[in-house]
Amino acid sequence: MGVEGCTKCIKYLLFFFNFIFWLAGGVILGVALWLRHDPKTSNLLVLELDGAHAPSTFYISVHILIAVGAVMMVVGFLGCYGAIQESQCLLGTFFACLVLLFACEVVAGILGFMHRDTVSTEMINYYDSVYDKAMTQSLTDKDKKQAAASVLKVFHETLICCGKGQGSTILTQITDMFSMTDLCPSSGTTVSCHSRINDLFTDKIYLIGIAALVVAVIMIFEMIFSMVLCCGIRNSPVY
């Protein structure tokens with residue numbers, strides 16, 4: 001025989017929210033793995049030219065998310081088991097883990113908001129350097145154009161874009177037309193790669209932010225319920 005009355009209701013509410021928390025951890029883990037292996041981002045972030053790699057900021061963030069998702073699943077299971085077993089020790093440990101996770105999430109959210117444009121800016125700068133090298137080598141030295149041109153071609157084919165802006169897009173299409181270069185995708189798009197890169201990384205950062213906000217709300221309810229249940233167990237005559 002365990003807790004009764006309102007405390008028993010809190011017990012099952014805590015179990016329910018912990019189950020949602022565990023599912024949220026699984027979703028975050030799944031989304032992070034998808035972001036890690038998404039062809040659009042993975043093709044771009046493994047590029048290398050003259051020893052210079054594409055910016056790794058995005059992948060670092062994704063690896064952090066993978067770790068967070070895995071920890072959330074473990075903590076969610078701990079909370080579910082502690083609620084069902086009515087264990088003060090497990091609930092106290094669960095509460096401490098939640099406080100640490102919540103603090104880390106707040107810090108990560110603040111840093112992420114402050115540097116939300118960093119990934120796209122770094123990738124645009126890398127693209128510009130590759131574009132300039134590819135165009136220069138293609139027009140001045142046919143024998144050395146393959147390295148830069150092949151990296152630039154990956155950008156264009158992956159994002160279905162061409163050039164840094166409207167002027168460079170038209171220029172590249174003209175040089176392609178006269179067989180001076182072979183850089184634009186076969187679809188003949190006129191969309192600049194700057195806008196494509198911004199759309200790609202900005203959309204995914206917002207997705208991460210929405211998931212973090214939902215998890216933060218769940219964590220607040222869990223911390224309240226876990227403390228109420230822990231106090232209820234302590235004051236229960238059964239214990």
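Helices (H or I, at least four residues) and strands (E, at least two) are DSSP runs, numbered from the N terminus. The model is a predicted one, in which local features need pLDDT of at least 70 and side-chain atom pairs count only at pLDDT 80 or more, while totals for chains, interfaces and linings use all residues. Residues are numbered from 1 along each chain as its sequence is written, and side-chain values use heavy atoms, with hydrogens and water left out.

**Exercise 1. Describe the largest pocket and its lining.**

Step 1. On a 1 Å grid over the protein atoms alone, a pocket is an open set of points, where a 1.4 Å probe fits, with protein on both sides within 12 Å along at least five of seven lines, and lining residues have an atom within 4 Å of a point.
Step 2. Two or more lining residues come from each of α1, α3 (57–85), α4, α5 (118–140) and α8 (193–235), with α8 giving the most, 11 residues.
Step 3. Sorted by class (Ala, Val, Leu, Ile, Met, Phe, Trp, Tyr, Cys and Pro count as nonpolar, Asp, Glu, Lys and Arg as charged, and the others, Gly among them, as polar), the lining of the largest pocket has 28 nonpolar, 7 polar and 2 charged residues.

**Exercise 2. Determine how α1 and α4 are oriented to each other.**

Step 1. The axes, which are lines fitted to C-alpha atoms over the stretch in contact, with angles from 0 to 180 degrees between N-to-C directions, come within 14 Å and cross at roughly 45° for helix α1 (residues 6–37) and helix α4 (residues 88–114).
Step 2. Angles under 35 degrees count as roughly parallel, over 145 as roughly antiparallel, 65 to 115 as roughly perpendicular and the rest as oblique; α1 and α4 are therefore oblique to each other.
Step 3. Contact (heavy atoms within 4.5 Å) is made by Leu-14, Asn-18 and Phe-21 of α1 with Leu-91, Phe-94, Leu-98 and Leu-101 of α4.

**Exercise 3. Carry out the analysis for α5 and α7.**

Step 1. The axes of α5 and helix α7 (residues 166–177) cross at roughly 30° and come within 12 Å, which makes α5 roughly parallel to α7.
Step 2. From α5, Tyr-131, Met-135 and Leu-139 make the contact, and from α7, Ser-168, Leu-171, Thr-172 and Thr-175.
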